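Colleague: Could you take me through this model, beginning with the surface and then moving on to the sheet?

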Amino acid sequence: MQHRTVGDLMTHGVVLARQDTPFKNLVSLLSENEVTALPVVDAIGHPVGVVSEADLLRTVAARPDPSGLPRSPSASNGARAANDGITAEQLMSAPAICARPEWTVVEAARLMDTEGVKRLPVVDETERLVGIVSRADLLRVFLRRDDALRDEIAGDVLVRTLGLAPSDVAVDVRDGRVTLKGRVATEQIIPVIERLCGGVDGVVSVDSDLHRLDGTPG
């Protein structure tokens, strides 16, 4: 089976910031490129953090309100909040939580969930930035057509990987939900079939009605 990797799904032409990129330039980069966050890299292209719209808004919230309202209690930038001279290095969330191009969707999704982040800079073996992958990128695997999922399960999983005959198991896929019906040689192979089918990129769930050849339910 061919699993889609982070390298397949990531954005390659990354809009990035340098550590010394000033506040107003960060705002411009976000607006002009219609993105909500930027990886921040050092002089040799290693990600050192991520700066987001939320990071910039915290700085704005620290400024005196024109209507005379007090500053936000969470603001900590004090007099520095005039924005002038503030750089990406001062605003970014650090360290950068990064992924590798060869990672699977599951590996990247688990790291995002564990770290509570919406995107991951992607680095090569030298730790240099080569892309960025977002939650939306990872969810793209669930846009695969039902017929493509059915063909992969019936051909790659059941026949080529497990050596079953095409007539052994019938495969139906609707909205990413897989239904399996048929007869197999041993009870032990049933959970293997279910696990491999569930691991196909884009599968939402697997419901199996599989029996041993002697008619015993799995």
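Predicted model: local features only at pLDDT ≥ 70, side-chain atom pairs only at ≥ 80, totals over all residues.

Colleague: Is V204 buried or exposed?

Modeller: V204 sits in the loop between helix 8 and strand 8, where helices (H or I, at least four residues) and strands (E, at least two) are DSSP runs numbered from the N terminus. Buried means under 20% relative accessible area, exposed over 50%, and partly exposed in between, with a 1.4 Å probe and protein chains only. Because its relative accessible area is 53%, V204 counts as exposed.

Colleague: In what order do the strands of the open sheet lie?

Modeller: Two strands pair if DSSP finds at least two bridges between them. The open sheet has three strands with mixed pairing, and their order is 6-7-8. Its edge strands, each pairing on one side only, are strand 6 (169-174) and strand 8.

Colleague: How many bridges join strand 7 to strand 8?

Modeller: Among the bridge partners in strand 8, V206 is that of V178, and L210 is that of G182. Strand 7 (residues 177-184) and strand 8 (residues 205-212) run parallel, and the number of bridges joining them is eight.

How values were computed: Residues numbered from 1 in each chain as written. Heavy atoms only, no water.
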